[in-house]
Amino acid sequence: MTSKYKKIFSYLIKIAIVVFAFWFIYIKLTTNNDLKSFGRLIKGMPEHQMEVILAVVVVLMLVNWGLEALKWKRLVSSIEKISLWKAIESVFCGLTWAVFTPNRIGEYGGRVFFLSPKRRIIGVVAMAVGNIGQLVLTNVFGSIAICAFIYKFNLLDYRLFFALCALAGTFSLFFLVFFFNIRWLNGILLSIRFTRKYKRFYKVLARYKKLELLKILLFCLARYLVFSTQYFVMFFWLIPGLHYADIMMMVCILFFVQSSLPSLDLFDIGIRSVTALFFFKYITDQNTAVVACTASIWLINIIIPAILGSYFVFKLNFFGNTQRT
């Protein structure tokens, strides 16, 4: 394929990605009853208060994805040096891809195409390390929250409860040990004949030492705190009678259950709402406010960044060297 046709084909792919993403977003926004509930709920709120709360949540969204960009920059630092701005571009571009792909798998493509061609598959492995770190914290805090939830509402016999706590502790410890020894995975893959021939792609796993993994996990923790705060702010605003400890417990459970279920970002709002309603019914009967909170966070954290990321899709480089097409 000549350079001219590569350029034309590249632009056609970019246009198709953006059109497809916007079509998915449009369909979901126009048919989402939870967002309509959120709109009706905040109509009666003082305008100044509403502006301040939503501004805080939007700023936290930018902080959240800014931290993810810093984490991404660090993850690929041993593969390819990229600027912070390029990391931000790739993160937002990945979010545009993520909205119409199962389990956000498109986010990988949206990011790694900002790397040079020969380093893209290695970039996928590096991104997986960061995602595993985020999953570790989600599972650890989620396990603790579920134990606290069962204890608070006395849902199990004490013997079963202690067994569950032991299982949750083992589960959390396994994830922590695995993450801080991610290089073991490199050794396992090298011991398998079929995967040995692809070692040039996953050998990057051996480069992540414990100190580096700790720094990555701290980025994951910072992100976890930021998007937990978003939920806390919204729930505390729309359902002021809730105790802050109960809100954080439910939010941790919500993240845990959500991370365990396969989903499509655009349909993820339904999973969030059902999960939130199931658990929050133990502490409030304001179902409309619960689904409104989850819908608003979904809109701010997923849809708005995906729309912003559509601009960066046109900076993708599918062919050739690191120069933009």
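Reply:

**The nonpolar patch**

Seven names make up this surface patch: Leu173, Val177, Trp184, Ile188, Ile192, Phe194 and Tyr198, with about 700 Å² of accessible area together. Two elements, α7 (158-180) and α8 (183-190), each give two or more residues to the nonpolar patch. Patch members have over 30% relative accessible area and no salt bridge; nonpolar side chains (Val, Leu, Ile, Met, Phe, Trp, Tyr) are joined within 5 Å, like charges within 9 Å. A salt bridge puts a side-chain nitrogen of Lys or Arg within 4 Å of a carboxyl oxygen of Asp or Glu. Areas come from the Shrake-Rupley method with a 1.4 Å probe, and for residues only the protein chains shown count as cover.

The model is predicted: local features need pLDDT of at least 70, side-chain atom pairs count only at pLDDT 80 or more, and totals for chains, interfaces and linings use all residues. Residues are numbered from 1 along each chain as its sequence is written, and side-chain values use heavy atoms, without hydrogens and water.

Ile192 lies in the loop between α8 and α9 (193-196). Its relative accessible area is 38%, so Ile192 is partly exposed (buried is under 20%, exposed over 50%, partly exposed in between).

A positive patch is formed by Arg193, Arg196, Lys199, Lys203 and Arg207. Lys and Arg count as positive; the charge is placed at NZ of Lys or CZ of Arg. Lys203 sits in the loop between α10 (199-202) and α11 (210-238). Lys203 is partly exposed, because its relative accessibility is 43%.

The protein chain has 14 helices and 0 strands; helices are DSSP runs (H or I) of at least four residues, strands (E) of at least two. Buried residues make up 50% of the 325 residues.

Methods. Buried means under 20% relative accessible area, exposed over 50%, partly exposed in between (1.4 Å probe, protein chains only).
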